[in-house]
Amino acid sequence: MKSIVKTTAAVAALVLGAGGAVAQDFPVRPINMIVPFNAGGGTDLLLRAFAPHFAEAVGGDAFVSNMAGGSGTVAAAALAGQKPDGYQMGYWSVTVATVQPQIKDIPYGLDSWTPICSVAASPTVLFTQADSPFKTVDDVVAAVKANPGKYIYGSSGPGAITHLTTVAAFSGLGVIDQMKHLPFQGSGPAMQAMAAGTIQFFGDTELLMTRGDFRPLVVFNNERLSSMPDVPTAAEVGIAAPLNELYLWGGLFAPAGLEPAVTQKLSAACEMAINSDGFQKFAADTSTVLNYRNAADFDPFYRAQYAANSALIDAAGL
Amino acid sequence: MTSLFSERRIVSVVIFLLAVGLVLSTFGLEFADLGGAFSPMFFPRIILFILLGLAVLNVGIDMLAVRVAQPIEVLPVSVIAVAFLAYVLLLVPLGYFLSSTGVGAIILFAVGLRNPLQVVLVPAAASGALVGLFNHVLKMPLPTSPFFWWI
Amino acid sequence: MIASLPEALGLIFTFEGLLVLSLGTMLGIILGALPGIGSTVAVAMILPFTLSMSQAPAILLLLAIHAGSVYGGSISAILINTPGTPQSAATCLDGYPMAQRGEAGKALGWATVASVIGGLASAVVLIFAAPQLAAFALNFGPIETFALILLGLTCIVSVSEGSLIKGLMAGFMGLFLSTVGGDPITGEARFTFGHFQLIAGFDLLAVVIGVFALSEVLTRAAASPEDIKPLVAFNGIVLPKLSEWKGRVKGLVKSVLIGNGIGVLPGTGAATAAFIAYAEARRSAPTRANFGKGEPDGLIASESANNAVTGGALVPTMALGIPGDAITAVMLATLTLHGVTPGIRLMSDNPVLMAAIFAGFFVINLMLLPLGMVVSRMAAPILRIKEAYMLVMISLLCTVGVFFVRGNPFDLLVMAVAGIIGFILRRQGYPMAPLVIGMVLGPTLEISLRQGLIITDGSFSAFFVGHPIAGVLAVIAVGMLALPVIRVIKDRQVSA
């Protein structure tokens, strides 16, 4: 009799210890937050600032790990195959979650994830060199039509948010076939090429734009930005939906099939962490635009973005 | 007598065959037909054609020249090479500590150490120290075993 | 810039400032000296600690770790023939033969002094000419970059030990390996043959560690017990005497300039600089016949150039807010964390901070000399442990180093396979340094060529019209290629 009790207890302990994801006890071991890029990049620092507040909110331990390569797809593909136990989450950007799976043959897709929460979202801006002759979008369209094949837009790589921004702009304006696309390896070389005059147009978030001497032409947001009230939105210059809004957003994803109670717990912890003083200060220091959505709202948002971005991918010819 | 199938000649022929295979693989692939610099195969094809040309020359040179092969202890090298391949494949499923201790012990055994204490304890101590440092002090985890999350 | 120096020195010469600089440099040297652990992993290890520090110390710590690890890589390259990073690969070529001759202490002495001079010179350039250099770098568009990389590729000829054909083959194998994975222009996957893992391409460090460190382990295991060469004898650094510098100063100056110049340009880096400087020294040094057999001039060239790059890479980073390499990108990101906006106004908005960084960089390079001597003295007893244990330690550390570069277990498989293939190729006389050069230069060569063709609408002949810099570089490249041929012909005439 005694031995049966003992055995049951031992088995129970084993199951709890190894299998783990019983919601009320969650978490019993550290949570791994995966950055799909190298240590020290923007995404990495955001998550490193986020992790301690998240750990406190969820009442456990959390650490950040990096897995880089293939524009973030290597990490996402690795996580997609993992057990959905809530101990592993990835921070995917709009491109990793919604663009890459549609342009590359990779082992994850729309239904591979349990979206947990969105953390940040910034609208993108199309810009040119501050001393360029182009003051408005109309100037650009007129110049491109007058000299087909002369003007070049840059990007930080095929399928990157910088590429999508320029494609949304010039495809929406109907002049993309009369321009050339020059991809670079990262935003740094592209910005340098802009300063040197090799490329004339580039698109990125407002934060990136403020680093150089650039002139914004159009912003891909639903309304004008308070920081640059004179810059028109894409809809105002005649760019039709779904190309008129484009955000660089990022959020936490767990593998598909996560227990709803655990999802709830993680999503709530995410909200607490975003609202914590420490993380708010980080966002203010780095000009990160926070945008929290809980698991219930993030899921439909993510699916809608996936569908909307397929139009952009077609326009980009990817 | 042994010269026709010397190690060196086999290697140069294998490289030549690989180059031929890679050159062939650049044709008949389904890439968007953009032509010129836009084609993903534009650059690799240039490289591979030059490599193929060099490989042909190389086969010729190695066929003409006669060289004495360096001596080699085949057994320890093969054991270590196979063990290392198994090690990198088992590193994630078994975790860094267990797999490293295993491969370390095999290397020590292969190069002639026989004292079981040395053969097992040295690799275990080394990999244990690394796991302790990275997983627990720096919080930069190496892969862990399925049995215990902390090691 | 110079006006802010006094205030900046006040930031550095505090207890905290000097502590951070000396501890950081020391730690950087140790991490760099461990086989397999390179600058990237060293910086990743230290990054979490910098997050809680204030502006200046955080950046200085990262800089110290970086500069220290670039130098530290030369220690393992010389003593056990396993470069921790691609940038020390050129150091092995002459460093290890010297060590085998029993001159390990001397080899490290040359490497240390060359590193310090390279670093200090680049710090001076940085302090006085960063904005001007950054403006000059803007002249390097895709076409100029292509010509420069072409020039870099000619190094393959000069580092091909033994057989030129086999060296060229290794170089082109490296170029081919760099094309595997996502296409940089269209994003399509190439040569993945259905294996998703290959989409990220072959990691340079995984291949470098494989073909150098792991194949060295196999080579040692392959030697029969009677002719195992003992690990090199080493009892600490022996600094070169002043008289020994005779005839070597010109090469040193040239290498420092090459390192600085290449560091300033985006997308090139320390490994490129080290190889180009090495090739140039091998072309022009009076001692060129001894290169590859343990000639100090070879060591001086690669070590002074790769350390000069650390300063050069700071030029576009600080003057334009554009990172010069992966490490400076981390520094910029760390700055944003402290509320500093990187960008073209970085220097004008934060003159004191920038001056502190530049001056700190100078101090770090001064510290390399004494700290390098301390660390290599610590390394001496480690070299006396049983060789079998050493093989295990190298294997385990390489695994750790390669794993943390991208966190991708697939890279470990790449390392293992590269190690085995590298071992087979090395036995058959294929030199491995050209393979590394090919892999380092391949991505930039390809993207700059294709970008150039997009700009000129597919006309290669348009490359050298209206691009004087590109034209000059291309002429030099052709000259470098022709030179060995001319020499051979001349030698024949002499002997005939």
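**Chains and domains in contact**

Mentor: In this predicted model, chain C and chain B bury about 5,400 Å² between them. Carbon and sulfur atoms carry 80% of that area.

Trainee: What makes an area "buried"?

Mentor: Buried area is the accessible area, found with a 1.4 Å probe, that two parts lose on being put together, summed over both. The figure of about 5,400 Å² therefore covers chain C and chain B together.

Trainee: How many residues of chain C are in contact with chain B?

Mentor: Contact means heavy atoms within 4.5 Å. By that rule, 61 residues of chain C are in contact with 65 residues of chain B.

Trainee: Why is the pair B:Asp62 and C:Lys166 called a salt bridge?

Mentor: The rule wants a side-chain nitrogen of Lys or Arg within 4 Å of a carboxyl oxygen of Asp or Glu. Here the closest N and O atoms are 2.8 Å apart. The limit is 4 Å, so the pair of B:Asp62 and C:Lys166 passes. Across the interface of chain C and chain B, the rule finds two salt bridges.

Trainee: How many residue pairs are in polar contact there, and what makes a contact polar?

Mentor: Eleven residue pairs count between chain C and chain B, both residues at pLDDT 80 or more. A polar contact is a pair of N or O atoms within 3.5 Å; within protein, one must be able to donate a hydrogen and the other to accept it, and residues adjacent in sequence count only if both atoms are side-chain atoms.

Trainee: Which helix of chain C gives the most to the side that touches chain B?

Mentor: Helix 17 of chain C does, with twelve residues. Helices (H or I, at least four residues) and strands (E, at least two) are DSSP runs, numbered from the N terminus.

Trainee: What is the make-up by class of that side of chain C?

Mentor: The side of chain C that touches chain B has 45 nonpolar, eight polar and eight charged residues. Ala, Val, Leu, Ile, Met, Phe, Trp, Tyr, Cys and Pro count as nonpolar, Asp, Glu, Lys and Arg as charged, and the others, Gly among them, as polar.

Trainee: Now chain A. How is chain A divided?

Mentor: Domain 1 is 29–121 + 247–316, and domain 2 is 123–220. The bounds come from an automatic or database domain assignment. The C-alpha centres of these two domains of chain A lie 28 Å apart. About 1,000 Å² is buried between them, with 77% from carbon and sulfur atoms. A:Tyr247, A:Leu248 and A:Leu312 supply 43% of what domain 1 buries against domain 2, more than any other three residues.

Trainee: What makes the disulfide right-handed?

Mentor: The torsion about the S-S bond of A:Cys117 and A:Cys270 is about 80°, so the disulfide is right-handed. A:Cys117 lies in strand 4 and A:Cys270 in helix 9 of chain A, so the pair ties together parts 153 residues apart in sequence.

Trainee: What conventions lie behind the names and values?

Mentor: Residues are numbered from 1 along each chain as its sequence is written, and chains are lettered from A and ligands numbered from 1 in the order in which they are written. Local features need pLDDT of at least 70, side-chain atom pairs count only at pLDDT 80 or more, totals for chains, interfaces and linings use all residues, and side-chain values use heavy atoms, with hydrogens and water left out.

Technical notes: A disulfide is a pair of cysteine sulfur atoms within 2.5 Å.
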